[in-house]
Amino acid sequence: MQAAIEPRTCFSWYKVILLNRLMHEASCVEASCASHTHIAEVPDALAGSPERATYILWIDADACVVRQERRIEMLIKMGPEKDLIVGEDLSGACLINAGILLIRVSKWSQTLFQDIWTRHSRFQRARYFEQSELLKQLGFRKEGLELVNPFHSYRKGPAHKSFPHVLVLPREEFNSNRGVNTTAFNKGIVGGRAREARGRGGEGRRGEEGE
């Protein structure tokens with residue numbers, strides 16, 4: 001694995017390899033034949049279109065689904081025309097959290113993640129790695145995330161933040177490091193334990209808050 005990501009130094013970069021591979025596979029397969037468990041095919045009727053769309057839901061290994069009754073379609077319905085649905089970061093250190101990603105397989109999303117992998121950047125070795133590179137590439141595409149201030153819903157920013165291709169959901173709805181009673185779809189296990197150990201103090205670093 002280390003050889004596959006070089007010169008990058010963090011293994012979280014390997015997710016970009018896998019996402020690019022999955023999107024390539026999904027784009028090459030007829031919609032009616034997409035039966036892999038990691039590829040969710042849903043009717044685009046959610047957006048009022050008869051076409052079908054293929055989505056990939058990525059969940060980091062340190063997170064789990066805690067709201068079993070919530071279907072992926074419920075999340076897609078919040079932004080059926082979006083190519084990327086992502087949660088706001090669990091700390092103020094970054095705008096978005098790359099630990100859980102709901103990606104619509106499209107030319108836009110394929111190009112986005114190809115650029116995340118191929119563009120030379122200090123984030124290949126710097127802190128936050130692929131998460132910061134994702135935010136950087138969204139900035140290159142003028143999505144406008146950096147123009148929302150305050151950004152985080154828990155700092156009096158808007159709950160749902162909609163951009164041309166991206167929807168950013170609050171941690172109460174998508175990705176949280178709170179207890180199991182959270183309304184979020186997923187919970188970051190590592191982040192939750194770290195916060196419980198620290199108590200309810202100030203915001204922590206990414207490694208403490210959950211990927």
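In this predicted model, the charged end of Lys161 sits over the ring of Phe151, 5.0 Å from the ring centre; a charge counts as over a ring if NZ of Lys or CZ of Arg is within 6 Å of the ring centre and within 35 degrees of the ring normal. A second case is Arg171, which lies over the face of Tyr154 at 3.8 Å from the ring centre. Aromatic pairs (rings of Phe, Tyr and Trp, the latter by its six-membered ring, with centres within 6.5 Å) number zero in the structure.

The model is a predicted one, in which local features need pLDDT of at least 70 and side-chain atom pairs count only at pLDDT 80 or more, while totals for chains, interfaces and linings use all residues. Residues are numbered from 1 along each chain as its sequence is written, and side-chain values use heavy atoms, with hydrogens and water left out.

Turning to the strands (DSSP runs of E, at least two residues, numbered from the N terminus), β4 (residues 84-88) and β5 run antiparallel and are joined by five bridges; strands pair if DSSP finds at least two bridges between them. Glu88 has Ile96 of β5 as its bridge partner. Strand β5 (residues 96-104) is mostly covered, with nine of its nine residues buried, where buried means under 20% relative accessible area, exposed over 50% and partly exposed in between (1.4 Å probe, protein chains only).

Helix α5 (residues 129-140; helices are DSSP runs of H or I, at least four residues) has end C-alpha atoms 17 Å apart, which agrees with the 16 Å that its twelve residues should span at 1.5 Å a residue; the expected span is 1.5 Å times one less than the number of residues. Among the buried residues of α5 are Phe129, Leu134 and Leu138. After α5 comes Lys142, with a positive phi near 55 degrees.

Key. Rings of Phe, Tyr and Trp (its six-membered ring) pair if their centres lie within 6.5 Å; planes under 30 degrees apart count as stacked, over 60 as edge-to-face and the rest as tilted.
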